Amino acid sequence: MLVTVAVACRGRGGESRWQTFTSREGGYTVELPDKPFTHVDATTHRKQDLLPDGTLRPGAPFVAEQTRAERGEDGVYTVRWYELPIDDDFTGRRFLERLIATKQLGPVFPRWIHLGPYQGIEYERIEPARGVLLRSRIFVVESRVFQLWADNWLAHDDEASARRFIDSFDLSVQPGLHVTYDGVVAKR
């Protein structure tokens, strides 16, 4: 009987497992469907943070933090952020345009979005070989890139849960910002 209860909590009916995750380093909160796992990649650093003697300048940020949680038969929910050197010539929008042009995101037709004053894109992509529908948002906020994605198994897709996760993203730097849409980046 205990096994039945545990399995029931992991499925779609197990909404009580949702919890708010706070990343102190990332400066955000997000709702996740289960207890998350966080990985910090501090193996490489930005070139401007390396000193001539090969050591790291004091206070240099680490490269990336990634937090993910699984939702049983539905999929995996992930937030990743990393530092990005932004200046007057290399804006958040230029970074996103370059990212789209390199096709690193795959064959997508993203829409321009904003999180308050911060630029972002939103897209969906089906990966038939993996049986996954990917929903993603990417924002550039004060020299940081925040990427959220929900990998939902096509056979058990729960769009409401994926939207709950993506829409719950909130920045500590300016709480309460809402996403607004500009339109598509490229026409289909």
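Colleague: Which residue stands opposite Tyr 28 in β10?

Modeller: Leu 171 stands opposite Tyr 28 there. This is a predicted model, in which local features need pLDDT of at least 70 and side-chain atom pairs pLDDT 80 or more, while totals for chains, interfaces and linings use all residues. Residues are numbered from 1 along each chain as its sequence is written, and side-chain values use heavy atoms, without hydrogens and water.

Colleague: How many bridges join β2 to β10?

Modeller: Strands are DSSP runs of E, at least two residues, and helices of H or I, at least four, numbered from the N terminus; two strands pair if DSSP finds at least two bridges between them. Here, 2 bridges join β2 (residues 28–32) to β10, and the two run antiparallel. They belong to an open sheet of 3 strands, ordered β1-β2-β10 with antiparallel pairing. Its edge strands, β1 (19–23) and β10 (170–171), each pair on one side only.

Colleague: Is Gln 119 buried or exposed?

Modeller: Buried means under 20% relative accessible area, exposed over 50%, partly exposed in between (1.4 Å probe, protein chains only). Gln 119 counts as buried because its relative accessibility is 12%. Gln 119 sits in strand β7 (residues 118–127).

Colleague: Which residue's side chain does the side chain of Gln 119 make a polar contact with?

Modeller: That of Arg 93, at 3.5 Å (a polar contact is a pair of N or O atoms within 3.5 Å; within protein, one must be able to donate a hydrogen and the other to accept it, and residues adjacent in sequence count only if both atoms are side-chain atoms). The backbone oxygen of Ile 113 also lies 3.4 Å from a polar atom of the Gln 119 side chain.
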